[in-house]
Amino acid sequence: MNKNYYAIIMAGGIGSRFWPISRTSHPKQFIDILGTGKTLIQNTYERFLKVCPKENIYVVTNENYTGLVKEQLPDMADQQILTEPVMRNTAPCVAYGCFKIESLNPDAAIVVAPSDHLILDEAAFVATIEKSLQTASENNCLITLGIKPSRPDTGYGYIQYTDQTLNEDFHKVKTFTEKPTVEIAKTFIQSGDFLWNAGIFVWSAKAIVQSFDNYLPEMHEIFAEARSVYNTHDEKDFVHKVYQRCTNISIDYGIMEKAPNVYVLPSEFGWSDLGTWASIYQLAEKDYVGNAVIPSEKVIMYDSSNCMVNVPGEKLVILQGLHDYIVVESNNSLLICPRDQEQNIKQVVADVKNKFGTKYI
């Protein structure tokens, strides 16, 4: 296993679209949302154990989730858990992890990935990451993974690429497009040169540090200033203090959309970002009338079809005459909502917070 290969797992989100199961105090990356026996972050960590030594895996998360990370990933040392005092989108957390790794090993090649994605074909995923790490080690490039689209999905960002390649398989990126309308998504798929943006990045420590200098110089200055304290007792206090100065910006918008040396690797490894209940419904086992019930021991359904049901295992639930609904109960909260209106859940969470404070959030 290559000792210069590193992984950064981003685990700071609160997963509000999965309310009420995902709560601010216990978000979706720490939940076994698919009923597999392992949480999403545990699955992500175990995938990266096949790519790099366990001491080279880092988790960046909100300070409030340190206990959850330690509990679910007991093999991680304290210095591998990097905590953010505030939410500032992905650019600062990527900078923190990459600058820290660069100060330890300037020859590092790093994969950065979210903690809450589903990968069905692990062997293909590991092969894709290793190939990308090798290419990143040998070239001054920033690599992103693109998923071959199977439908005109409006929930994903899209990457357009050109015929210009690096190592034959890595295509030069032409444009990034945030979540498009259905009509635009259809034209993207018809054109054949667009991929879904998986939000998984690979680069050398040198290349990404240089890119921060070029495109986010103030953030570069903040994390370069911390070089003297990385991997010491003073690291956390220092980083927490300077983190407040970071701009709230994504790595996509801050660097990837601006840099000229960005390449995409078209990939297929059974990927889903598990962003919505619809994505869980798609992946879950269903009965003969299309109901997906997790767990299913004590749920009885009459004249009901195409429902997504997720309720506590010990609770007896009877549903009658319900079609195309999401029924979710957790943490003293019950959500019943038509499947085609689940995009309103974020607004629901905001309304609940306004009316009842943070008690149910």
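Let's start at isoleucine 41, and ask what it touches once we set aside residues up to four places away in sequence. The list is Ile9, Ala11, Gln29, Phe30, Val59, Gln72, Leu73 and Ser115. Keep in mind that this is a predicted model, so everything I say today is about a prediction.

Isoleucine 41 sits in helix α1, which covers residues 40–48. Is isoleucine 41 buried or exposed? It counts as buried, because its relative accessibility is 0%, and the cut-off for buried is under 20%. Here's one to find on your screen: proline 114 is 73 residues away from isoleucine 41 along the chain, yet their C-alpha atoms are separated by 8.7 Å.

One of those contacts, serine 115, is worth a stop. You'll find serine 115 in the loop between β4 and β5. Serine 115 is buried too, with a relative accessible area of 2%. And what does serine 115 touch, again not counting residues up to four places away in sequence? That would be Ile9, Met10, Ala11, Gln29, Leu40, Ile41 and Thr44.

In soluble globular proteins, nonpolar side chains tend to be buried together. In this model, the largest nonpolar core has 49 residues, and Ile110, Trp203, Phe212 and Phe223 are the ones with the most contacts inside it. Which helix gives the largest share of this core? That's α3, residues 90–104, with eight residues.

Take isoleucine 110 as an example. Skip its neighbours within four places in sequence, and isoleucine 110 is in contact with Tyr6, Ile8, Cys98, Ile101, Leu133, Phe201, Val202, Trp203 and Ala205. There's another core as well, lying apart from that one, with 46 residues, including Ile57, Leu68, Met76 and Val111.

Helix α6 runs over residues 205–215, and its buried residues are Ala205, Ala207, Ile208, Val209, Ser211 and Phe212. What do they pack against? The partners are α3, β4, β6, β9, α7 and α9. When you look at a helix like this, remember that an α-helix has 3.6 residues a turn, so residues three or four places apart point the same way.

In α8, the buried residues are Glu235, Phe238, Val239, His240, Val242 and Tyr243. Their cover includes β3, α3 and α7.

For contrast, here's a residue on the outside. Glutamate 138 belongs to helix α4, residues 122–138, and it is exposed, with a relative accessible area of 52%. Its C-alpha atom is separated by 9.9 Å from that of tryptophan 203, which is 65 residues away along the chain.

Helix α8 also brings us to a pocket. The second largest pocket holds about 340 Å³ of space. It is lined by 14 residues, and the closest to its centre are Asp78, Gln79, Ile81, Glu235 and Lys236. Elements giving two or more residues to that lining are α2, β3, α3 and α8. Which of them gives the most? β3 does, with three residues.

Now the strands. Strands of a sheet pair through backbone hydrogen bonds, either parallel or antiparallel. Look at β16 and β17 up close: they run antiparallel and are joined by six bridges. Valine 328 has leucine 335 in β17 as its bridge partner.

Last stop, strand β7, residues 158–166. β7 pairs with β8 in the antiparallel sense over six bridges, and β7 is joined to β9, also antiparallel, by three bridges. Which residues are the bridge partners of tyrosine 158? In β8 the partner is threonine 177, and in β9 it's tryptophan 196. The hairpin of β7 and β8 has three residues between the strands, and there asparagine 167 takes a positive phi near 50 degrees.

Key: Residues are numbered from 1 along each chain as its sequence is written. This is a predicted model: local features need pLDDT of at least 70, side-chain atom pairs count only at pLDDT 80 or more; totals for chains, interfaces and linings use all residues. Side-chain values use heavy atoms; hydrogens and water are left out. Two strands pair if DSSP finds at least two bridges between them. Helices (H or I, at least four residues) and strands (E, at least two) are DSSP runs, numbered from the N terminus. A nonpolar core is a set of buried Ala, Val, Leu, Ile, Met, Phe, Trp, Tyr and Cys residues joined through side-chain atoms within 4.5 Å. Buried means under 20% relative accessible area, exposed over 50%, partly exposed in between (1.4 Å probe, protein chains only). Contact means heavy atoms within 4.5 Å. On a 1 Å grid over the protein atoms alone, a cavity is a set of points where a 1.4 Å probe fits but cannot get out, and a pocket is an open set with protein on both sides within 12 Å along at least five of seven lines; lining residues have an atom within 4 Å of a point. Grid points are joined across faces, edges and corners, and a volume is the space filled by probe spheres set on the points.
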